Amino acid sequence: MKKNAVLVRDVIFAWPTSTTAILKIENLNIPENSKTLIQGPSGSGKTTLLSLLAGILLPTSGQAVVLSEDLTRLNSKKRDAFRVDQIGFLFQQFNLIPYLNLIENVLLPCRFSRVRYQNAGNTESGLKNEACRLLNLLGLKPEKFSHLATQKLSVGQQQRVAAARALIGNPKLILADEPTSALDPENRLAFLELIFKECSKNQTTLIMVSHDTSLSAQFDQVIDLDVLNQARGDDLSFAEN
Amino acid sequence: MLFKLAWLSILNRRSTAFLTIFSIAISVALLLGIEQLRKSMRNSFLQTVSGIDLVVGARGDAIPILLYSVFRLGEATNNLRWQSYLEWAADERVEWTIPLSLGDSHRGFRVLGTNSDYWRHYRYGKERKLELKTGEFFDGLYDAVIGSVVAEKLKYQLNQQIVIAHGAGSAALFEHDDQPFRIVGILKPTGTPVDQTIHVSLEAIEAIHIGWEDGFPSTQTGKPATMNISELQPKSITAFLVRLSSRMQTFRVQGEINSFEKEPLSAILPGVTMQKLWQILGTFERTLMTVSALVVLSSLTSLISLLLATMNERRREIAILRSVGAGPQRIFVLLWIEATLLCFVGGLLGFVLQYAGLMAVEPMVKNQFGLQLFLEWPGKEEFLFFLLIMSIGMMLSLFPAWRAYRISLHDGLLPKI
Amino acid sequence: MILMSFFKRCLLIVVLILSIGTSSQGFELKKLLFEGGIQFEEPAVEVSWRDLVQYDYKKKIIPPRLQAIEGGLIRVPGYVVPLLGDFGGDFESLQEFLLVPVYGMCIHVPPPPPNQVIYVKMNEPVEVEKLFDAVWVTGQLQIDVSELPNTENLNYAPEGGFSLSGVKVEIYERDASN
């Protein structure tokens, strides 16, 4: 049986200061090496779910096991380490740090994670080569763009750099929060295909949240968050913990 | 790693941060510069004259006597009689004396009447004698020896003729123009008020005041050629400097001069009087220092508030860093390093600026007050001062760092842009 | 792990810098203001002005208590009356001064008699910023000195006085006897 990259059981999440549950998920399984799309309109808690899977937020109750790690058992430092070692991120926009050049932006995770540093080449020059390789793969020639300030790149170009950063060092899981929403509709598919190709090559699990329904055909699994999430503004004040 | 990030972040921001850094630099330069100036002024006061045990003038307060006799600042209210001076100069316990006669000026520079004892005994700094650059000490009646600053500012040469004015103002309303003087000597620079003095003989002072008994020139003025030098015995002097053969006698002699029955005199101890002067100046200096310290504090806090204000713009950046593995503590340290580095750059700039400023001010102080500034390489005290300012900056830097920490905790991946 | 200690290390550095910064600025210079010159083996004898006043400077009679310590190392408190010596180039360097038992004595009439004044000459110039406070001076005591090169040619008999070759100056604090 295929192992699960993500296993979520009976998770309820509410912000610490409130008693209204935002997320209530009985069961969520995401197999390894798959490409999953979690769909839902804005405000439905997609980013919150991603934050839970990333270990940035902890569920108020329930179990969240990501890549065989029970997140509720790790302290915040361990979760930070876990996150950078195993997970790559893609935000919707403004993914780049303005005062770092392209290569350095891509290499950021390697600076914070020994595992990814080693995977990406284990030496400075190796790292740079790997970054360039990924950028090339994603359609950006680093020589042409490296002298530009990151703000001068188009949104599409910025997203490619961010994708390279998410991929570098072969993390086992990639979490993407609406990565194509800022791109032109014509380019969205092409962008996704590039990411898919790399993920398949490295056996990386991809979980993407988006409100864009046009992309669903590309994915192995499409989950509707409204169906998955059973929280209907329940008040937790009388619930047992 | 974090250092590199912080540094790159600052470089990116340099145009906005530049003004605040500059204001820190200026305030630090001010604070350090005042301290340096203070010490330097002390030194230059102390090196003006050496080896004098007592300064005697007509009865009066100690500080004015010190100021007008040694530093040529201010005026005496009264003179003392030549006879009294002779009596004390002859005292067995006195090794030597230097008589001084003040009151006249020439184009803003003080004229000092004295005799050859001045050239023989006057010392300054570390046993340094007064030396001539060119010419010789005065011999004839209307000879004058001028200090280096006088020569430089007024562009005087040897054998030039000058006219002495009555009183100390720079606008000569009453001049002794019937009796011009001739420059026979120019002194080497000393870094003391000697540089700004025109020296003539005591007899010459007497000569130019003949007929001035009422304080105004009378119609009959003496002709230079016909005056007999013996008639020109000085009648009074302003003050005299005393060196005793035994320092142990200092109190005794001082007490006796102060209770001299023939004339009311005041003998002061120059070392003690200078200390009193420091005390008075000290309060003023401390106020100045406090004010400039507050200015430093205010410029540091304006930097910090700038960082706090821009923290909102950086929420996205913080979220990115969190996503690549930087925990909230790391974010805290990053921001702290950044703020501290900014303070440091500002402080360092201020340190350098201070020296530049002092070097610029040095010639002005020399010309105005005749005092030499002793600028030295930064010593232990300057560095410690600097460190103290930096550590305050470090503490203030905790505020934006803390804010960033809270942001990173709170926002997670959901920055509120 | 590494981070927490980094955190603590930074705090430590801040505290360290602060303490160094403040301890040297604005504090009293440590009690020992100056020490230099010849090293003596025997400890300095503490002398009070009550003993010194016993000295008859007119007749040059030295009482036995003072005879015992003459020439030796003594430690005596007092107020400093600076003498204007040569400027050593350092900030406020002082080499010669008079030591008197009462502050402000120099401005009072009558002047202190020779047995209430010690002429001190330090072996090296002292950087003393706060001369307004009382100090302990340690040095080799000489009595019956008149500081004159040769006294035979003088018309008057100079009175004797105290002289100290100073080696150490410390801030005076209330713990001492007297």
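In this predicted model, A:Val65 stands opposite A:Asp70, a residue of strand β5 of chain A. A second pairing joins the two strands, for A:Val66 has A:Glu69 of β5(A) as its bridge partner. Together β4(A) and β5(A) make a hairpin with two residues between them. In the turn, A:Leu67 has a positive phi of about 50 degrees.

Strand β4(A) has a further partner in β1(A), with which it pairs in the antiparallel sense over five bridges. Here A:Arg9 stands opposite A:Gln63 of β4(A). These pairings belong to an open sheet of four strands in chain A, ordered β2-β1-β4-β5, with antiparallel pairing. The edges are held by β2 (23–31) and β5 (69–70) of chain A; each has a single partner strand, so one side of each is left without a neighbour in the sheet. In a regular strand the side chains alternate between the two faces of the sheet.

A helix covers part of this sheet. Helix α1(A) lies across β1 (4–13), β2 and β4 of chain A, and runs at about 120 degrees to β1(A).

The description now turns to the contact between chains A and B. On the side of chain A, 25 residues are in contact with 17 residues of chain B. The elements of chain A that contribute two or more residues to its side are α1 (46–54), α2 (76–86) and α3 (102–112). The greatest contribution comes from α2(A), with six residues. By class, the residues on the chain A side comprise 15 nonpolar, five polar and five charged.

Nonpolar packing can be followed next. In soluble globular proteins, nonpolar side chains tend to be buried together. The largest nonpolar core of the model holds 109 residues, and those with the most contacts inside it include A:Leu53, A:Val106, B:Val28 and B:Ile331. Helix α11 of chain B, residues 328–369, gives the most to this core, with 11 residues. Leaving aside residues up to four places away in sequence, B:Ile331 touches B:Ile318, B:Leu321, B:Ala326, B:Ala404, B:Tyr405 and B:Ser408. Another core, of 99 residues, lies apart from the largest one; among its members are B:Phe138, B:Ala151, B:Val253 and C:Val137.

In helix α3(B), residues 62–70, the buried residues are B:Ala62, B:Ile65, B:Leu66, B:Tyr68, B:Ser69 and B:Val70. They pack against β1 (54–58), β3 (94–106), β14 (239–244), β15 (265–268) and α9 (270–310) of chain B. Just after α3(B), B:Arg72 adopts a positive phi of about 55 degrees.

Helix α9(B) also packs with α2(B), residues 14–46, at an angle of about 170 degrees and with the axes 8 Å apart. That angle makes α2(B) roughly antiparallel to α9(B), because angles over 145 degrees are counted as roughly antiparallel. The contact between α2(B) and α9(B) has 16 nonpolar, six polar and four charged residues.

Note on methods: Residues are numbered from 1 along each chain as its sequence is written. Chains are lettered from A and ligands numbered from 1 in the order in which they are written. This is a predicted model: local features need pLDDT of at least 70, side-chain atom pairs count only at pLDDT 80 or more; totals for chains, interfaces and linings use all residues. Two residues are in contact if their C-beta atoms, placed from the backbone, lie within 7 Å. Ala, Val, Leu, Ile, Met, Phe, Trp, Tyr, Cys and Pro count as nonpolar, Asp, Glu, Lys and Arg as charged, and the others, Gly among them, as polar. Two strands pair if DSSP finds at least two bridges between them. Axes are lines fitted to C-alpha atoms, for helices over the stretch in contact, and angles run from 0 to 180 degrees between N-to-C directions. A nonpolar core is a set of buried Ala, Val, Leu, Ile, Met, Phe, Trp, Tyr and Cys residues joined through C-beta atoms within 7 Å. A residue is buried if 20 or more other C-beta atoms lie within 10 Å of its own, exposed if 12 or fewer, and partly exposed in between; C-beta atoms are placed from the backbone. Angles under 35 degrees count as roughly parallel, over 145 as roughly antiparallel, 65 to 115 as roughly perpendicular and the rest as oblique.
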